[in-house]
Amino acid sequence: PVNKEAQAVDWDVFMRQILNDREYDVIISLYKDGMTQAETAERMGVDRSRISRITNRALDKLRLYIEKT
């Protein structure tokens with residue numbers, strides 16, 4: 001049997017180690033808070049396309065880190 005507690009990951013800590021503050025805020029807004037890109041953009045005072053680029057960069061960083069480990 002697999003010990004699920006031993007495999008538990010503190011995703012907040014994990015993401016904060018890899019992402020910069022803006023990337024972290026965007027990912028949390030989209031995936032934890034359930035906001036749309038447009039809502040996130042308005043809250044952060046940037047264009048929706050900027051949120052899309054930040055999201056893609058953040059997800060790429062997380063993906064690369066996971067693939068390395």
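The structure is a predicted model, in which local features need pLDDT of at least 70 and side-chain atom pairs count only at pLDDT 80 or more, while totals for chains, interfaces and linings use all residues. Residues are numbered from 1 along each chain as its sequence is written, and side-chain values use heavy atoms, with hydrogens and water left out.

**Fold**
- The protein chain has five helices and zero strands (DSSP runs, H or I of at least four residues for helices and E of at least two for strands, numbered from the N terminus).
- Of its 69 residues, 28% count as buried (under 20% relative accessible area, with a 1.4 Å probe and protein chains only).

- Leu62 touches Phe14, Met15, Ile18 and Leu19, not counting residues up to four places away in sequence (contact means heavy atoms within 4.5 Å).

**Packing of α3 and α4**
- Helix α4 (residues 37–44) packs with α3 at an angle of about 135 degrees, the axes being 9 Å apart (axes are lines fitted to C-alpha atoms over the stretch in contact, and angles run from 0 to 180 degrees between N-to-C directions).
- On the α3 side the contact involves Arg22, Asp25, Val26, Ser29 and Leu30, and on the α4 side Gln37, Thr40, Arg43 and Met44.

Notes: Buried means under 20% relative accessible area, exposed over 50%, partly exposed in between (1.4 Å probe, protein chains only).
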